[in-house]
Amino acid sequence: MDYKAISSIFRDGVDDNYCHTLSSEIAKKKLIDALTVEDYNLVFLLGHSGHGKSYLIHNLKNSLSGLNIIIQNPIDDELSLLKLLYKSLKGKAYPRLSSSVEDIRAKVMELYKDVKHVVFIDEAQLLDNVVLERIRILSDSRVFKFVLVMHKNEGDEILKRDHFKSRTKKVVCLENLRLIDMCAYVEQKLLLNQAFEISSFFKKRYVRMIDRYTKGNFRNYKKMIRTILEIMEEAKDRGIAKHRRLNSTLIDMAAIDCGLYR
């Protein structure tokens, strides 16, 4: 059995095999309701680092109709945002004209006013106060719909600021990965890749041990699974029979390797 090859399916980064965990499905439904039924133009998605916020918005982007844009790079100013929105809609860069920011804003607003869309901004806690305020004003116009994706602690602080505290908005929190989610995730990923025997290794008691180290952090959970399988591959190559199946020692070794052992 090629444990090393199977370990690659748990690599970090957004992929198409999104796991529909209970916590993510609850957050996804709240986001869809906020954007469609409740018709909010400014939504915050908060969650701790590594808990699957980027996975969620990429999955949601494909679930919503209309033009849905994900911005992952930090935006320096309103002009950069407006030009990016123009290019996303028109498929080409904004004309190199000597237009003012006000003129460009008016042009982009005119283009978007009848276009069904959502603009997701990942890592939005990195935006400076001026850009955040401009996004808030653009959302107030009712032309643009924004979802600002932020780390939980920084997002909580930003929401306390006067220009957000008193404004109409929706806040959705992505909760920690639960034990039932963790079991479902690893089983789903392995079965989708025909790794039936490996799937049988991850009994609930072992997933619970992994949970104690990862504390519901999705990124660390994947890293732990990947590391466990890599250690099992090495044990196979060295002929160490006791580590050819999952056990508590393997989990401890993986936690040490991942810097999670305490």
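# Terms and values in a predicted model

Modeller: Leaving aside its neighbours within four places in sequence, Thr-214 is in contact with Met-182, Asn-220, Tyr-221, Met-224 and Leu-260, where contact means heavy atoms within 4.5 Å. This is a predicted model, in which local features need pLDDT of at least 70, side-chain atom pairs count only at pLDDT 80 or more, and totals for chains, interfaces and linings use all residues. Residues are numbered from 1 along each chain as its sequence is written, and side-chain values use heavy atoms, with hydrogens and water left out.

Biologist: Why does Thr-214 count as buried?

Modeller: The limits refer to relative accessible area: buried is under 20%, exposed is over 50%, and partly exposed lies in between (1.4 Å probe, protein chains only). Thr-214 has a relative accessibility of 3% and therefore counts as buried. This residue is placed in helix H11 (residues 204-214). Helices are DSSP runs (H or I, at least four residues), as are strands (E, at least two), and both are numbered from the N terminus.

Biologist: Why is Lys-215 called exposed?

Modeller: Its relative accessible area is 54%, so Lys-215 passes the limit for exposed. Lys-215 lies in the loop between H11 and H12. Its phi is near 55 degrees, a positive value in a residue other than glycine.

Biologist: What puts the buried residues of helix H13 on the same side?

Modeller: In H13 (residues 248-257), the buried residues are Leu-250, Ile-251, Ala-254 and Ala-255. They cover an arc of only 135 degrees around the axis, and therefore lie on the same side of H13. The arc is taken from the directions that run from the helix axis to the C-beta atoms. Ile-256 and Asp-257 are exposed on the other side of H13. The buried residues of H13 pack against H11 and H12.

Biologist: What makes the span of helix H5 agree with its number of residues?

Modeller: The expected span of a helix is 1.5 Å times one less than its number of residues. For the 12 residues of H5 (residues 101-112) this should be 16 Å, and the end C-alpha atoms are 16 Å apart, so the two agree.

Biologist: Which residues of H5 are buried, and what puts them on the same side?

Modeller: Ile-104, Arg-105, Val-108 and Tyr-112 are the buried residues of H5. Their arc around the axis is only 100 degrees, which places them on the same side of H5. An α-helix has 3.6 residues a turn, so residues three or four places apart point the same way. The buried residues of H5 pack against strand E2 (67-71), helix H4 (78-90), E3 and helix H6 (129-140).

Biologist: Why is Asp-114 called exposed?

Modeller: With a relative accessible area of 70%, Asp-114 lies above the limit and is therefore exposed. Asp-114 is in the loop between H5 and E3.

Biologist: What is the volume of space in the largest pocket, and which residues lie nearest its centre?

Modeller: A pocket is found on a 1 Å grid over the protein atoms alone, as an open set of points where a 1.4 Å probe fits, with protein on both sides within 12 Å along at least five of seven lines; lining residues have an atom within 4 Å of a point. About 240 Å³ of space lies in the largest pocket, a volume being the space filled by probe spheres set on the points. The lining has 15 residues, and Leu-35, Asp-39, Lys-116, His-117 and Lys-145 lie nearest the centre. Helix H2 (22-37) and strand E3 (117-121) are the elements that give two or more residues to this lining.

Biologist: Why is Asp-39 called partly exposed?

Modeller: Its relative accessible area of 34% lies between the limits, so Asp-39 is partly exposed. Asp-39 sits in the loop between H2 and strand E1 (42-47). Although not a glycine, Asp-39 has a positive phi of about 60 degrees.
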